[in-house]
Amino acid sequence: MKESLRIMKEIVLTPISMIYGGVTYVRNKLFDYGILKATSFNIPVISIGNIAAGGTGKTPHTEFIISLLCSTYNVAMLSRGYKRKTSGFVMAFPNCTPYDIGDEAYQIYQKFGDRIKVAVCESRVKGINKLREIDSKINLIVLDDAFQHRYVRPSLSIVLTEYSHPFYDDKMLPLGRLRESKHSIKERADAVIITKCPEDIKPVDFRIFKKRLSLFSYQKLYFSKYTYGSLNPVFPDASKYIPMLEIFTEKDTILAITGIANPIPLIKHLKQYKPTVKVMHFPDHHNFSRNDINDIVEVYNTLKGRYKIIITTEKDAVRIANNPYFPYELKQHIFYQPINVEFLPYDTESFNEWLSKRIEGKD
């Protein structure tokens, strides 16, 4: 039955994928031939993106790169602000919400505060010009999810792909998850990062990726993994304690709420511990409705256990914290799981050095 459904899916979606691939091919060639114009800037512009639809870890890696650079440069981060309820150029401001600038930009703004500038704009060219008009001291721009936004010619392009879903084994939308041809990596990427690698990655895995990607000698290949910090309260003012998963037992229960493209790494992390893990998964960038919150409350109330807590992702937390429907009685029981990026094998310093040299034009 499953095999029949797979074959039927391929029959129906393959022609659409071919049309989609043809459109993206023509668009890229229009840029390659200069018919569609790409704008360069006289300050470093770093593009962080992917060719698959979501789930590669762009936001944690964007935060990692910003943290490396914000003490040396006057950094601005620009994204389109996916799923925001505004349009045009919007600068992050103290009382803004995810509805103003999108959850990813809001998360980064909350994390870095006034150490960097954060803005959103559908047109990256307009956004960069506006940022520099507002603050002439900005001397480095980080573009989030901009590999397909070819109207800007970045100084440096970093592309991410998941360890468990590498782009070379994927297909074009809607049959697969690819937003453009895998050949574009060799044509436009300066570095590829294999993200969400397992702890027990083996030397043979490094060799397989290197062989399958077949990058040019001047293109760098890095591998990264997630590490998980201590839980943080989604509502600090309501929190009465910070739970430590290490001391939870089989009698305790975790309700994991996720609205991201790939929740599997978080769920695997939580299941390393003793409590029972119940999962409620929503679509990527999901804005929780009143009914969604009611469902969450209902499920939470049916959970059994000595201790019951809700754990969500950092990206979901910024939406939940601004959600008017989330009940007061649950605010003390919901926490988010921070994630950090580390490079493998012990390659963080190598990446840092390469990035600095490329920005300074020494590599």
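Glycine 55 sits in the loop that runs between β1 (45–49) and α2 (58–69). Helices here are DSSP runs of H or I with at least four residues, strands are runs of E with at least two, and both are numbered from the N terminus. Before going on, this is a predicted model, where local features need pLDDT of at least 70 and side-chain atom pairs count only at pLDDT 80 or more, while totals for chains, interfaces and linings use all residues. Residues are numbered from 1 along each chain as its sequence is written, and side-chain values use heavy atoms, with hydrogens and water left out.

Glycine 55 is buried, at a relative accessible area of 14%. Buried means under 20% relative accessible area, exposed means over 50%, and partly exposed is in between, with a 1.4 Å probe and protein chains only. Setting aside residues up to four places away in sequence, glycine 55 touches Glu162, Lys196, Ala261 and Asn262. A contact here means heavy atoms within 4.5 Å.

Threonine 56 is also in the loop between β1 and α2, and its relative accessible area is 1%, so threonine 56 is buried. With residues up to four places away again not counted, threonine 56 touches Asn50, Leu160, Thr161, Glu162, Thr195 and Lys196. For Asn50 there is a side-chain detail: the side chains of threonine 56 and asparagine 50 make a polar contact of 2.8 Å. A polar contact is a pair of N or O atoms within 3.5 Å; within protein, one must be able to donate a hydrogen and the other to accept it, and residues adjacent in sequence count only if both atoms are side-chain atoms.

Now the record. UniProt, in an unreviewed entry, places a "binding site" feature at Ala52, Ala53, Gly54, Gly55, Thr56, Gly57, Lys58 and Thr59. Of these residues, Ala53, Gly54, Gly55, Thr56, Gly57, Lys58 and Thr59 are included in the lining of the largest pocket. UniProt positions are in the numbering used here, feature names are shortened, and annotations may be inferred rather than shown by experiment.

What is the volume of the largest pocket? About 610 Å³. On a 1 Å grid over the protein atoms alone, a pocket is an open set of points with protein on both sides within 12 Å along at least five of seven lines, a cavity is a set where a 1.4 Å probe fits but cannot get out, and lining residues have an atom within 4 Å of a point. Grid points are joined across faces, edges and corners, and a volume is the space filled by probe spheres set on the points.

The lining of the largest pocket has 34 residues, and Gly55, Glu104, Ile260, Asp284 and Lys315 lie nearest its centre. At least two lining residues come from each of α2, α4 (103–112), β8 (220–228), α8 (264–270) and α10 (314–321). Of the elements, α2 gives the most, with 3 residues.

A word on α2. Of its 12 residues, 10 are buried, so α2 is largely enclosed by the rest of the structure. Among the buried ones are Lys58, Thr59, Phe64 and Leu69.

Next, the cavities. The structure holds 2 cavities of 30 Å³ or more, and the largest cavity has about 50 Å³ of space. Its lining is Tyr82, Lys83, Pro98, Tyr99, Gly102, Asp103, His285, Asn287 and Arg319.

His285 has a backbone point to check. Histidine 285 is in the loop between β11 (276–281) and α9 (290–302), and its phi is near 60°, a positive value in a residue other than glycine. Histidine 285 counts as buried, at 6% relative accessibility.

Aspartate 145 has a positive phi too, of about 55°, although it is not a glycine. Aspartate 145 lies in the loop between β5 (140–144) and β6. The peptide bond from leucine 173 to proline 174 is cis, with omega near 0°, and proline 174 is in the loop between β6 (156–162) and α6 (183–188).

Last, aspartate 252, in the loop between β9 and β10 (253–258). Is aspartate 252 buried or exposed? Aspartate 252 is buried, with a relative accessible area of 0%. Its side chain and that of arginine 306 are joined by a polar contact of 3.2 Å. Neighbours within four places aside, aspartate 252 is in contact with Pro275, Thr276, Arg306 and Tyr307.
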